[in-house]
Amino acid sequence: MGAPIDVLKRIPLFAELDDNELERVASVFKERHFSEGETVIQQGSGAAAFFVIDSGEATVLVDGKEQRVLQPGDHFGEMALIDAGARTATVLASSELSCSGVTFWDFRPLVEENGVIGWKLLQTLIEIYRSERRQ
Amino acid sequence: MSEVVPLIEALDPALYGSKAAGLGQALKDGLPVPPGVALTGSVVDAVASRDEQVMRQVMESVRPLGGPLAVRSSAVDEDSAEASFAGQHLTLLNVRSADELASALSEIWWSANSDSAITYRQRVGLFTRPSIGVVVQLLVTPETAGVMFTQNPVTGADERVIEASWGLGEAVVAGRVIPDHYRVDRAGNVLERTAGRKSIAFRSLPEGGTVEEEVAPELVDRLCLEEGQLAELSRLADRCEEVYGRARDIEWAIADGRLYLLQCRAVTTSGP
């Protein structure tokens, strides 16, 4: 069990990782199901996990206002992998929802044991930071 | 060291969690706990990761219990944190197949790794990876169930306080009914019987899971415990205090006329 590699490839945080490294990341994912209407993550709450949608749909809300609908292959909550800080949005399961998720606790040892992955993630984060400053 | 053991051998809370260790000790001391097995946190983690070899090992250990099953989380570091995780983790009732058991274990793993669980852990100063053991027990299908305090939790009086309702104890634990309320002194004399308003009951479904049912009108206000059952509960309170010490919070059930101990823990609030 693990998240599909082709989905992980599309996630900006993992953009610099090669297939072997992505496979290692994928291997620590676990399946999680949510019922229709269930709150997947809550804005303001501490963040435990990052999710990729395997099947079903979810709705993203910020301050109670609907922002967009997430489909299979979409992902949310990647910052939880590095920082358990507050969620910036609420995600509700708008149908039966099946996700692959990985927690901070499972991701951190993977990075600590593999400096190459850690360094690539740092480079990507700097790239994201620069890009956001330019905008 | 085995990672899946009969409940009576699950005496180490650091491996199997405090709920498993408490029930294991209760069985060892001859208390009427339904039979079960305990799983370490690493077994639960492996099943949540879809490790088929570990799942087969779990199934082999669980098969002799028969079914249906109650699957209860048993947090490994509850006591060390001096914090109660009650309500943070899950109990799944009436689990009937290998697939349902795998899903239940996965759900329990995620309950310990949810945003709310992590937020709670940070608030009480726990920054380690959560580890969640599991107790898998034969599900009793009770006529009557509820909770009992071996010492009055409100007044601190030296008396048993019993709250009871029809069907599974979830109706009482989740506050879904006004339960019958009984007070019994240490000698077993009934000091108070107040009928509650028990409009609903939770029952097991043949296909798995539970359902909330309306209670027959003539039973809603009728006391659900008889004199002999109150005496038996009082004796159970005596035994639990002998084994664990005073001021216990007990979950119990009566199925086919037999009294079972489902959980026994220290009272977390006390009277003036």
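**Ground rules.** I number residues from 1 along each chain as its sequence is written, with chains lettered from A and ligands numbered from 1 in the order in which they are written. Because the model is predicted, local features need pLDDT of at least 70 and side-chain atom pairs count only at pLDDT 80 or more, while totals for chains, interfaces and linings use all residues; side-chain values use heavy atoms, leaving out hydrogens and water.

**Chain A, elements.** I looked up the helices (DSSP runs of H or I, at least four residues) and strands (runs of E, at least two), both numbered from the N terminus. Chain A has four helices and eight strands. From the N terminus on, I read them as α-α-β-β-β-β-β-β-β-β-α-α. The radius of gyration of chain A is 15 Å, close to the 14 Å that the globule rule gives for 135 residues, so chain A is as compact as a globular protein of that length. That radius is taken over C-alpha atoms, and the rule is 2.2 Å times the number of residues to the power 0.38.

I asked how much of chain A counts as buried, and found 48% of its 135 residues. Buried means under 20% relative accessible area, exposed over 50%, and partly exposed in between (1.4 Å probe, protein chains only). Next I took the contacts (heavy atoms within 4.5 Å). Of those in chain A with a separation of 6 or more, 72% join residues 24 or more positions apart.

**Chain B, overall.** Here I find nine helices and 13 strands. The radius of gyration of chain B is 18 Å, close to the 19 Å from the globule rule for 272 residues, so chain B is as compact as a globular protein of that length. Along the principal axes, its C-alpha atoms fill a box of roughly 55 × 40 × 35 Å. Buried residues make up 51% of the 272 in chain B. Among the contacts in chain B with a separation of 6 or more, 63% are between residues 24 or more positions apart.

**Chain B, helix α2.** After α2(B) comes G30(B), and I noted its positive phi, near 85 degrees.
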